[in-house]
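Keep the structure open while reading.

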Amino acid sequence: MRPEDLLHPRPEGLYCPVGDFHIDPVRPVARALITHGHADHARAGHKAVLATRRTLDIMALRYGADFAGTTQVAGRGTTQVNGVTVSFHPAGHVLGSAQIRVAAKGMSAVVTGDYKRGVDPTAEPYEPVTGDVFVTEATFGLPVFRHPDPRAEIARLLTSLDQFPERAHMVGVYALGKAQRVIRLIRDAGHDAPIYLHGALQKLCDYYQSEGIALGRLEPATADGDRARFAGRIVMAPPSAFAAKWAQRFPEPLICFASGWMQVRARARQRGVELPLVISDHCDWGELTATITELDPGEVWVTHGREEALVRWCALQGRAARPLNLVGYEDEAE
């Protein structure tokens with residue numbers, strides 16, 4: 001069997017013709033295997049969905065219990081889907097995220113979805129998985145992207161909090177994964193004061209806590225009444241909230257944003273970010289290339305992100321690689 005007989009791109013997404021299923025399809029399909037709960041990978045409307053229990057929970061929280069015709073929990077072992085052997089392995093990206101390994105007729109492929117290698121107590125740690133084909137993202141697939149230690153970025157936030165006790169520190173985070181990771185990093189740095197949440201973050205933070213991820217005392221960021229109580233406090237919200245008048249309800253808001261893209265200073269300036277925090281839930285360049293070297297697959301396929309640079313690096317290493325040019329996946333947003 002050739003690799004493209006096991007998996008190949010279609011407009012709906014990556015398709016397995018032997019098993020008649022798609023992985024992270026961007027359009028409704030008959031059978032979808034989902035790597036994780038971010039909206040660009042996990043969409044509503046499929047007839048049947050196979051994913052980890054936590055990803056199914058997250059999809060139900062976001063879309064409602066009837067987000068798919070039927071659902072099936074992927075356990076730690078293998079599952080047969082129309083004669084194809086399928087298994088799910090932790091990807092380290094967000095809670096419940098998984099790489100999906102598919103194998104049939106002597107050929108195998110590992111689809112990573114999105115993944116990271118760094119320590120994150122709010123997600124199951126990445127597990128190296130081998131296959132004939134390694135399908136990788138390349139969100140930060142340029143040599144310039146080298147992510148710093150996230151603990152150092154949180155230390156910068158807490159230092160600013162000490163320096164400007166009269167200002168509310170507004171931290172922009174994505175609702176799934178980034179919010180909970182940043183809160184956990186803040187707690188691990190010894191900050192035990194209440195953290196205030198925009199309403200869009202509450203439901204998923206509650207879910208993480210119900211799954212045993214300790215986030216400490218969280219309170220709603222309702223600015224009615226005594227504005228002064230937010231001085232010297234951390235307020236977390238989706239980045240889009242800062243463009244609205246919502247942020248101006250807090251005392252002298254100091255705008256922060258936790259994202260791997262904050263390494264690009266022009267992006268920080270465009271968003272009016274005063275304190276950029278370079279914290280990412282994706283591999284940086286070093287992690288991407290180290291993972292390919294470690295796994296040593298027969299072929300590398302690059303699904304989304306900066307495909308050309310990573311494919312070029314593979315060629316220089318004597319590795320077979322090609323871009324899949326899949327559309328519909330965002331850089332880091334949800």
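The sheet is open and has seven strands, in the order β7-β8-β9-β10-β11-β18-β19, with mixed pairing. Strands β7 (78-81) and β19 (320-323) form the edges; each has a single partner strand, so one side of each lacks a neighbour in the sheet. On average, neighbouring strands are turned by 25° against each other, direction ignored. The model is predicted.

β7 and β8 (residues 84-90) run antiparallel and are joined by four bridges. Gln 80 has Thr 85 of β8 as its bridge partner.

| Helix | Residues | Strands | Direction angle |
|---|---|---|---|
| α7 | 285-295 | touches β11 (133-138) and β18 (299-305) | about 175° to β11 |
| α8 | 307-316 | lies across β11, β18 and β19 | about 165° to β18 |

Now look at α8 alone. Which of its residues are buried? They are Glu 307, Leu 310, Val 311, Trp 313 and Cys 314. These residues cover an arc of only 155° around the axis, which puts them on the same side of α8. Their cover includes β11, α7, β18 and β19. On the other side of α8, the exposed residues are Glu 308, Arg 312 and Leu 316.

After α8 comes Gly 318. The phi of Gly 318 is positive, near 80°. Strand β19 (320-323) is one of the edge strands, and α8 lies across β19 as well as β11 and β18.

Conventions
Residues numbered from 1 in each chain as written. Predicted model: local features only at pLDDT ≥ 70, side-chain atom pairs only at ≥ 80, totals over all residues. Heavy atoms only, no water. Pairing = 2+ DSSP bridges. Helix = DSSP H or I, 4+ residues; strand = E, 2+ residues; numbered from the N terminus. Axes fitted to C-alpha atoms, helices over the stretch in contact; angles between N-to-C directions. Contact = heavy atoms within 4.5 Å. Buried < 20%, exposed > 50% of the residue type's maximum accessible area, 1.4 Å probe, protein only. Arc of directions from axis to C-beta.
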